[in-house]
Each structure stands twice: as structure tokens, then as C-alpha cells.
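My entries follow in the order in which I looked things up.

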Amino acid sequence: MDLFAYDFMIRALIGALVIGLAAPALGIYLVQRRLSLIGDGIGHVALTGVGVGLLLHHSPVISAVIVSAIGAVGIELIRQRGRTSGDLALALLFYGGIAGGVVLVGLSDDSSNANLMQYLFGSLITTSPEDLVVIIVLGVAVLLAMTVFRPALFAISNDEEYARVSGLPVRTLNLLMAVTTAVTVTIAMRTVGLLLVSALMVVPVAAAQQVTRGFRSTMALAMVIGLGAAAAGVAVSAEIDTAPGATTVILALAVFVALSVGVGVVRALRRRAASQPREVEPPDVVLQS
């Protein structure tokens, strides 16, 4: 039976492909800035937005986008202006977001465990046409922002002080990164869930870094890996009846392991070849009378 003959599977595949492209495109900047786990923190805040949407009987996706964006901007402003360090601000994001989300979901009319689990671990097959439109629009917006502003974002990711001296609007760019991270986390909750969203941002980038050296090539390969893992994750999960989000992450991790092992084997072979003694022709013998 062809599962992709059903509309909900087509919507699931399209949504997964959009996230598979957008998440690594943003994730490479987060990895460069050593903020690989920020997606988890914003994911917890997005759970509060889901609770708000369920409580007010509005779209949880839209409310999660708004709440997580506000939370991400607030954390960025605290980091820039206050005395709170980045890791402490991230911890506040974690605890406040998850606590608020659990309370609000519990107060809503639809507070079943199944409803909460589909946001925590993803539930692509429940993606409605309206949700798909939101995912596509916001996903394309993230892709455009990450590609159009790539030189400036690359500059602040490597050396923020140098970027500021060079005249770049560092604060605006940091806020852009915060908002796009919140948007990506929120639209990805349908694909891999809020608890696994950071994996789709980070793992394809980590896999691409095993075989590439330049920033542009790493970004392109990470997007290809994310796209392939998302498509394969939907197809494999449909065949073996597993969670699409977890399957996608496992496949991306499998690519990372395969590339890491492959690169290690190639390097070992090269070292072995270089250490082997070579036959050297003896020097010419000059007879002196």
C-alpha cells in the first residue's frame, strides 16, 4: 500500500523537507557561536506558546511562534545589557518555559497526554493544511534570512567585537538570529518535536564538518544531509511504524557516524602509507683516479 497516496502523508513529507532545509541553514551559525543547545531552551518556551494556544482555542503553532520569539528576544537583551551570563540566561529559558507550558496545557480543555506528546516528540501526520502553510511560509523566510545575510551573520558568529568595529549592526543581527531560531524551533515541533529540535539543527552540521572545510560548503552539505534525513525519516517511519521525528534524528546521527568513521579510516590509511619505507635508489658512485 502506497502511504503517500494519502494527503496527510504528503503534508508530512512537505513539512519535513522544509524543516530539513531550514534547520541546518540556521544551525551552522549556532554551532559556530557555540550555542548548539539554545534550540532546546527556546523549545521549552515554545511549549508555553502551545499551552497559550490550547487555552485560548487558537492555533498552537502561531501562538508558539509569538511566545518563543518574545522569549528569545528577551534572553538576547538580557545577555547584552544585563549581568546574566549566557548559560544562566539559557537555564532560565529552560525552566521557565517548561513550567509555564505544563501549567497552561493542564489548564486548557484539551490537556490529554497524547496532545502534549505530539508537540514534545513531533506528530507529522496530524499536520493540518493551515499548519503546513505556516511551516512553508516561515521556513522560506528563515532560509532567505540565512542566505541573504550570510556574510554579516558569519562575521558576528566568528568575532562579534570585530564585526561591531567594522560597522555591522551587531545588536540587530543578534536579534535576527534569536527570532529566526525561535521560528525554526516552533515550525520544527511538528517534525521532530520540541525535545529533539536541536538535533536537526546541530547533527547535520556536525556531519558536514567531517568532510568539508569552508563555511559555504559546510552549510550546503548540512542542508543536503538535513533534507535527506527528513525525507528518509518520513518514509522509514511510515514503513516500520515509528515516530517520524526520532527516526529522522537517528538517520542524521547515522550519517554523522558513517562520515566520522569513513574519514577516520581514510586518515589512518594515509598515515600508514606515509609511514611505510620507500625504496631509494642508491646514489651514483663516482670513481676518483
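I began with the secondary structure and found 12 helices and zero strands in the chain, where helices (H or I, at least four residues) and strands (E, at least two) are DSSP runs numbered from the N terminus. I kept in mind that this is a predicted model, in which local features need pLDDT of at least 70 and side-chain atom pairs count only at pLDDT 80 or more, while totals for chains, interfaces and linings use all residues. Residues are numbered from 1 along each chain as its sequence is written, and side-chain values use heavy atoms, with hydrogens and water left out.

Next I looked up the totals. Of the 289 residues in the chain, 44% are buried, a term that stands for under 20% relative accessible area, with exposed meaning over 50% and partly exposed in between (1.4 Å probe, protein chains only). The accessible surface comes to about 14,800 Å², and carbon and sulfur atoms hold 66% of that area, computed by the Shrake-Rupley method with a 1.4 Å probe. For contacts (heavy atoms within 4.5 Å), I noted that 76% of those with a separation of 6 or more join residues 24 or more positions apart.

Setting aside neighbours within four places in sequence, I found Met177 in contact with Leu26, Tyr29, Leu30, Arg33, Met146, Leu153 and Ile156.

The axes of α6 (residues 129–148) and α7 (residues 150–158), as lines fitted to C-alpha atoms over the stretch in contact, come within 5 Å and cross at roughly 75°. The two helices are therefore roughly perpendicular, the class for 65 to 115 degrees.

Is Thr247 buried or exposed? I found Thr247 buried, with a relative accessible area of 10%, and its place is in helix α12 (residues 244–275). Beyond neighbours within four places in sequence, Thr247 is in contact with Gly233, Val236, Ser237 and Thr242.

Last, I checked Gly106 in helix α4 (residues 86–107), which is partly exposed at 48% relative accessible area. Gly106 and Leu54 lie 52 residues apart in sequence and 9.6 Å apart in space, C-alpha to C-alpha.

Terms used. Axes are lines fitted to C-alpha atoms, for helices over the stretch in contact, and angles run from 0 to 180 degrees between N-to-C directions. Angles under 35 degrees count as roughly parallel, over 145 as roughly antiparallel, 65 to 115 as roughly perpendicular and the rest as oblique.
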